[in-house]
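Hi,

Here is the structure I promised to pass on. Have a look at it first, then read my notes below.

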Amino acid sequence: MKKIIILMLAIVSSISSPGQTAEQYYERGAKKAKANELHGSMAELNKAIAINQVGKYYLLRGKIKVKLSDFRGAKDDFTEAINHNYKSRDVYICRIILCDYLRDTDQAMEDCRLLISLNPKDGEAFYYLGLAEIYEVRR
């Protein structure tokens, strides 16, 4: 009986160590993503987001979802990153590219115009705006 209790405690402590912060889960998720352990990375990022909804956590999880071909889920995560005040150029470019792929040209053009208003010399934003406009014409 004592051995069973010790074994159960060992299993529980290995699953969720007390005191783990969202940032620690995020860092582990990022390391797993770099090692191409995509499902393990997702698990760590899900734990981080459950503790603290931070934009950069959603951004990385969105990138992982793209690699796993969950394009709609990725778009939702990029949107969540923006909604959680993570307004980096990177998250907008990710969402623009994905919206172009999903043929959500209205959202892609809106994001491009936002980036251009922030930096009128952003050639990449102009490029993606042009692509979105071509897709819009072909609809």
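A quick definition before the notes: a crossing of two helices is called left-handed if the near helix is turned anticlockwise from the far one by less than a right angle, and right-handed if clockwise. Please also keep in mind that this is a predicted model.

Now to the helices. In general, two packed helices are described by the angle between their axes and the distance between the axes. Here, α5 passes α6 in a left-handed crossing. Their axes come within 10 Å and cross at roughly 150°. Angles over 145 degrees count as roughly antiparallel, so that is how α5 and α6 run relative to each other.

Which residues in α5 meet α6? They are F71, R72, A74, K75, F78, T79, A81 and I82, and on the α6 side you'll find V91, Y92, C94, R95, L98, C99, Y101 and L102.

F71 is partly exposed, at 23% relative accessibility, while Y101 is exposed, at 53%.

Another aromatic pair is Y127 with Y128, which is edge-to-face: 5.1 Å centre to centre, 75° between the planes. Y128 is buried, with a relative accessible area of 14%.

Cheers

Note on methods
Residues numbered from 1 in each chain as written. Predicted model: local features only at pLDDT ≥ 70, side-chain atom pairs only at ≥ 80, totals over all residues. Heavy atoms only, no water. Buried < 20%, exposed > 50% of the residue type's maximum accessible area, 1.4 Å probe, protein only. Phe/Tyr/Trp six-rings, centres within 6.5 Å; stacked < 30°, edge-to-face > 60°. Axes fitted to C-alpha atoms, helices over the stretch in contact; angles between N-to-C directions. Helix = DSSP H or I, 4+ residues; strand = E, 2+ residues; numbered from the N terminus. Parallel < 35°, antiparallel > 145°, perpendicular 65-115°, else oblique. Contact = heavy atoms within 4.5 Å.
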